[in-house]
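Below are a few friendly notes to read alongside the model.

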Amino acid sequence: MRCACLPLESLLAPWMSLRRTEEAESLPEVPEVYRARYSALPAAQPLPPLLVLALSQASPGVPVRREQAFRRSRTNFPNHFLHSASQGQDALGEAVYYFEADGEGVVQRVFVFWPLGVLLEGPPNFCHGGCGASLLDDAFGAFTNTRLRSMGLSGQAVTAYLHVDYKAPTPLPGAAVCAATLDRVEGRKVFVRGELLVQKPDGTLQASMEANALFVELKEGFASMKK
Ligand SMILES: CCCCCCCC/C=C\CCCCCCCC(=O)SCCNC(=O)CCNC(=O)[C@H](O)C(C)(C)COP(=O)(O)OP(=O)(O)OC[C@H]1O[C@@H](n2cnc3c(N)ncnc32)[C@H](O)[C@@H]1OP(=O)(O)O
């Protein structure tokens, strides 16, 4: 049987490049809910095939819409652990965030695509578990804070705990999609769950990590966080 998986080069090439000039490009307007943290994808940047596969598997028959895809704003977050320090040709590539909202505009799910280079190694040829946990934490944070904002709330919540189950090794070099959604809400406590998806040699998706977390909406926002 012919392998349905996509050639690695075609998966990674457009997203491994760090050199971008988000200020210099003329980008589409980003909806207000996302604007503080995300910027639009440049028109020439295709959606990563692995992201499209994950979306079509999660919501069969639902069209994938480019305008729901963003990248992280480096202008607003120049020192972010995942989007600056960990980025590099053979480390993390550039993420693509895809948000799904309901009819009222309330964010229901986020999918985050990441190219994974060889420098993210834990076990030989496989991704470090702490790296995977960081990607899931980031997706959970993106989901929780954007969901809160979409509900007219602060959008300022932090991780209280993060539980990760490692189900299978995550191959390098490669790519992954973190999927995050709501479990439940109890007052300021937002419980989220999700997984890190990778593509198996037969082309199908596999959750190499499953996770759940508690995010707590800060009483007085990020400004109240003391050193
Ligand atoms: C002007 C500036 C504005 C800037 C805006 C810029 C926008 C920024 C954009 C984007 C940022 C994205 C941010 C997400 C980034 C990704 C996620 C991270 O990596 S975050 C870093 C790691 N996390 C921490 O450093 C948290 C450290 N911990 C704390 O600060 C506190 O412990 C906190 C806030 C989590 C809770 O403290 P309490 O004082 O608010 O509340 P209490 O009463 O202690 O807990 C509330 C409820 O939660 C439960 N809870 C707390 N921690 C728990 C735990 N570990 N396990 C189980 N339950 C827990 C408690 O039992 C309580 O429950 P009951 O209300 O009684 O039912």
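How far does a polar side-chain atom of K189 lie from an oxygen atom of the ligand? The points below start there; please keep in mind that the model is predicted.

1. The K189 distance is 2.8 Å, from a polar side-chain atom to an oxygen atom of the ligand. The protein covers 48% of the 1,400 Å² of accessible area that the ligand has on its own.

2. Two other side chains are worth a look. In R188, a polar side-chain atom lies 2.9 Å from a ligand oxygen atom, and an N or O atom in the side chain of D137 is 2.9 Å from an oxygen atom of the ligand. Of the 20 residues around the ligand, those that come nearest are R37, D137, T159, R188 and K189.

3. On the make-up of the shell, the residues divide into 11 nonpolar, 3 polar and 6 charged. At least two shell residues each come from α5 (129-150), β5 (157-166) and β8, with β5 giving the largest share, 5 residues.

4. Strand β7 (residues 189-199) has 8 of its 11 residues buried, so the rest of the structure largely encloses this strand.

5. On one side of the pairing, β7 runs antiparallel to β6 (residues 174-186), joined by 9 bridges; T181 has R193 in β7 as its bridge partner. Their hairpin has 2 residues between the strands, and G187 takes a positive phi near 60 degrees there.

6. β7 also pairs antiparallel with β8 (residues 205-217), through 11 bridges, and G194 stands opposite A211 in β8. This hairpin has 5 residues between the strands, with G203 at a positive phi near 95 degrees.

How values were computed: Residues are numbered from 1 along each chain as its sequence is written. This is a predicted model: local features need pLDDT of at least 70, side-chain atom pairs count only at pLDDT 80 or more; totals for chains, interfaces and linings use all residues. Side-chain values use heavy atoms; hydrogens and water are left out. Buried means under 20% relative accessible area, exposed over 50%, partly exposed in between (1.4 Å probe, protein chains only). Helices (H or I, at least four residues) and strands (E, at least two) are DSSP runs, numbered from the N terminus. Two strands pair if DSSP finds at least two bridges between them. A residue is near a molecule or strand if one of its heavy atoms lies within 4 Å of it. A polar contact is a pair of N or O atoms within 3.5 Å; within protein, one must be able to donate a hydrogen and the other to accept it, and residues adjacent in sequence count only if both atoms are side-chain atoms. Accessible areas come from the Shrake-Rupley method with a 1.4 Å probe; for residues, only the protein chains shown count as cover. Ala, Val, Leu, Ile, Met, Phe, Trp, Tyr, Cys and Pro count as nonpolar, Asp, Glu, Lys and Arg as charged, and the others, Gly among them, as polar.
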